[in-house]
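Dear colleague,

Please find the structure below. My notes on what was found in it follow.

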Amino acid sequence: MARYDSLLDALGDTPLVGLPRLSPAENVRLWAKLEDRNPTGSIKDRPALAMIETAEREGRLRPGSTILEPTSGNTGISLAMAARLKGYRLVCVMPENTSPERRQLLTAYGAEIISSPAAGGSNMAVALAKQLAAANPDWVMLYQYGNQANAAAHYRTTGPEILRDLPTVTHFVAGLGTTGTLVGVGRYLREHKPDVQIIAAEPRYGELVYGLRNLDEGFVPELYDPEVLTGRFSVGSRDALRRTRQLLAEEGIFAGISTGAVLHAALAVAEKAAGTGEQADVVFVVADAGWKYLSTGAYGGDLDQAAERLEGQLWA
Amino acid sequence: MAVTVSIPTILRTHTGGEKSVEASGTTLAELIDDLESRHSGLKDRLVKNGNLHRFVNVYVNDEDVRFAGGLTAPVNDGDNVTILPAVAGGMR
């Protein structure tokens, strides 16, 4: 059945597709969970809708309310669509060095954007949003980094979909971000498969993003539960870009750049398994498609030049 | 051969501005002690109460050492070690 009463009802139940060309061995298989097949084209539709509906049930959100959220893009786009359909105003705080497509989409959906300095990265956007929330007590900050409804959405939907479609799953690999995907899916899978490996891939940005960071002001999302993870990779922009192109060239999947970083980690664990001769079914998340990143020049031309252009941008 | 260690901007005051330095050791703890002997003050920024500082991430060949034994994680000649401040990162 693929008929829905509204766009919001068309959320989730995304395809899990095998990658026969990229899988390193007959018994070590890679599987891509295509989260770009969600209403606004990213995995963030799941937590965004869950956070809004939870706030509605708790009475925090009422018709006409203003939602505030620090977001570098996809969560904002998901919230903007839902806010549009449900009649809320949305204010997004995002670093100024994010791709123009994300800003255009947010604006098209009617969201308002407050920019935070590029040099402060996402940490600064979070800090600024917290200040705005304190100054505007009637605004509702859903706060994806600490909102349990974020991880719960993945525990309730993404995790069960994966286990249903691939009962032999041995590894789950996803981007770190708010940690909601890894924590939610990880908890669900571990309950059913105690030995499952839960692997995080996090982007390693250029100097600009880390430059002014003070070690004592570090930021760990409140949702983060280190008990769930069994491994974590830091992937530079060149490797992320190389894998993004490889996924398109060899398997036909046109994914966003963060997916390249996730694939890099997925291939590392798959090759490790192939090396020791163990059977593995490695599921990784395609968080979004490449459309919003075309202006970065990521998909064509010289790899090193493209990687250099990405250095100062928040590409995930 | 030795281990190559990438130093984040915030810690380069200890390395005379160098982005990347060499060190040796068979574990991360030994590596940090060796770093400290040449770049005084670094260890204090990386290690708190016998553990890695909460907001510091250390990677051996891109893999986070916290899942590989922390300060007891093995390192080998030719490895690349990257030190980074914790940062909110990912699709949000």
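Two residues are taken to be in contact if their C-beta atoms, placed from the backbone, lie within 7 Å. Helices (H or I, at least four residues) and strands (E, at least two) are DSSP runs, numbered from the N terminus. This is a predicted model, in which local features need pLDDT of at least 70 and side-chain atom pairs count only at pLDDT 80 or more, while totals for chains, interfaces and linings use all residues. Residues are numbered from 1 along each chain as its sequence is written, and chains are lettered from A and ligands numbered from 1 in the order in which they are written.

In chain B, helix α1 (residues 28–38) has as its buried residues B:Leu28, B:Leu31, B:Ile32 and B:Leu35; a residue is buried if 20 or more other C-beta atoms lie within 10 Å of its own, exposed if 12 or fewer, and partly exposed in between. Viewed down the axis of α1(B), these buried residues lie within an arc of 95°, so they line one face of the helix; the arc is that of the directions from the helix axis to the C-beta atoms. Their packing partners in chain B are β1 (3–6), β2 (20–23), α2 (42–46), β3 (47–48), β5 (56–60) and β7 (80–85).

Chain A contains 10 helices and 10 strands. Of its 316 residues, 53% count as buried. Among contacts in chain A between residues at least 6 apart in sequence, those joining residues at least 24 apart make up 73%.

A:Lys44 lies in the loop between β2 (28–34) and α1 (45–57) of chain A. This lysine, A:Lys44, counts as buried because it has 30 C-beta neighbours inside 10 Å.

Yours sincerely
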